[in-house]
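Colleague: I have a model open and would like to learn how to read its features one by one. Could you walk me through it?

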Amino acid sequence: MKKANKGLIIFLLVLVLVLGAAVAGMAWFLGSHIFVEGHAYPSGAQELDLRSRKLSVAEYEAVREQLPDCEIIWNVPFQGTVRDSNAASLSLTQLSAEDLDMLSYFPELKAVDAAGCRDYELLMELQRRYPNIALEYTVNIGGTEYANTATSVVATDLSDEEISLFAYLPALETVDARACKDTARLAETASTYENVKLQYQVELLGQTFTESVTQARFEKPDAAQLAGKLPGLTSLKTVH
């Protein structure tokens with residue numbers, strides 16, 4: 001009987017030791033790992049590839065909070081699909097304010113091709129917010145697509161829409177508006193875009209004058225025509 005009790009005591013001691021070791025091991029494991037969708041990852045990892053997991057932004061942020069010094073690669077939910085966070089370039093045809101925020105999750109992004117995108121205000125905001133990203137898009141003026149790097153364009157009628165589009169061509173230097181006959185529009189556009197050279201011509205009393213003319217001579221001046229069109233010749237200094 002005593003032998004049986006002694007054996008039971010030994011068994012219980014061994015069991016306690018085993019359970020203690022198991023608990024200690026589990027505590028160590030839990031303390032040295034994080035869990036993502038039921039999968040364990042070392043909390044001391046310097047790089048973590050989670051592209052095989054379907055993470056929301058909130059779940060990614062939770063992982064990043066636990067591993068602030070770790071480089072985490074994941075699939076970023078973007079415009080209804082997912083994109084590799086390591087992507088160096090992206091293509092898009094539309095843009096929203098939410099998309100602009102999501103671009104911050106692509107640390108390696110170097111270029112965005114937005115040809116065909118007409119969300120110009122947001123494209124300009126993208127360029128301001130991410131100056132190190134090479135942005136490409138086009139602006140349709142008079143039926144012609146101009147790259148955002150265009151330095152010159154041809155304008156046909158200088159409508160309100162056409163004039164407003166010049167603001168989305170940051171490298172614009174010259175506008176050929178010689179086809180436009182609206183003198184008031186020409187003068188307005190020239191004053192709006194002072195850093196852009198506006199090329200145009202004004203037909204007045206049988207003569208054609210370019211925007212750079214500084215003096216003019218008229219044999220039979222007509223006061224009404226002169227009053228209507230001379231303001232369009234902004235460089236004019238002398239009239240004979």
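Colleague: Let's begin with the cysteines. How many disulfides does a search of the whole structure find?

Modeller: A disulfide is a covalent bond between the sulfur atoms of two cysteines. The search here takes a pair of cysteine sulfur atoms within 2.5 Å as a disulfide, and over the whole structure it finds zero. Do keep in mind that this is a predicted model: local features need pLDDT of at least 70, side-chain atom pairs count only at pLDDT 80 or more, and totals for chains, interfaces and linings use all residues. Residues are numbered from 1 along each chain as its sequence is written, and side-chain values use heavy atoms, with hydrogens and water left out.

Colleague: Is cysteine 117 buried or exposed?

Modeller: Buried means under 20% relative accessible area, exposed over 50%, and partly exposed in between, with a 1.4 Å probe and protein chains only. Cysteine 117 has 0% relative accessibility, so it counts as buried. Cysteine 70, at 11%, counts as buried too. In the protein as a whole, 35% of the 240 residues are buried.

Colleague: How many helices and strands are there in the protein?

Modeller: Helices (H or I, at least four residues) and strands (E, at least two) are DSSP runs, numbered from the N terminus. By that reading the protein has seven helices and 18 strands.

Colleague: Let's take a helix, then. Which residues of α4 are buried?

Modeller: An α-helix has 3.6 residues a turn, so residues three or four places apart point the same way. In α4, which covers residues 120-129, Tyr120, Leu123, Met124 and Leu126 are buried. Viewed down the helix axis, the buried residues of α4 fall within an arc of 155°, so they line one face; the arc is that of the directions from the helix axis to the C-beta atoms. Glu121 and Arg128 are exposed, on the face turned away from the buried side.

Colleague: What do the buried residues of α4 pack against?

Modeller: Contact means heavy atoms within 4.5 Å. The packing partners are α3 (97-102), β9 (134-136), β10 and α5 (160-165). For the protein overall, among contacts with a separation of 6 or more, 28% are between residues 24 or more positions apart.

Colleague: β10 is on that list. How does β10 run relative to β11?

Modeller: Two strands pair if DSSP finds at least two bridges between them. Here four bridges join β10 (residues 138-141) to β11 (residues 144-147), and the strands run antiparallel. Valine 139 has tyrosine 146 as its bridge partner, while threonine 138 has alanine 147. The two strands form a hairpin with two residues between them, and glycine 142 in the turn has a positive phi of about 60°.

Colleague: Glutamate 145 lies in β11. Which residues does glutamate 145 touch?

Modeller: Leaving out residues up to four places away in sequence, glutamate 145 touches Arg118, Thr138, Val139 and Asn140. A polar contact is a pair of N or O atoms within 3.5 Å; within protein, one must be able to donate a hydrogen and the other to accept it, and residues adjacent in sequence count only if both atoms are side-chain atoms. The side chain of glutamate 145 makes such a contact with the side chain of arginine 118 at 2.5 Å, and with that of asparagine 140 at 3.0 Å. At 39% relative accessibility, glutamate 145 counts as partly exposed.

Colleague: Now the sheets. What is the strand order in the one holding β12?

Modeller: This open sheet of three strands runs β12-β13-β14, with parallel pairing. β12 (152-154) and β14 (197-199) each have a single partner strand, so one side of each is left without a neighbour in the sheet. Three bridges join β12 to β13 (residues 174-176), where valine 154 stands opposite aspartate 176.

Colleague: And which strands make up the sheet with β9?

Modeller: That open sheet has the order β7-β8-β9, with parallel pairing. Its edges are β7 (89-91) and β9. Three bridges join β7 to β8 (residues 111-113), and serine 89 has alanine 111 as its bridge partner.
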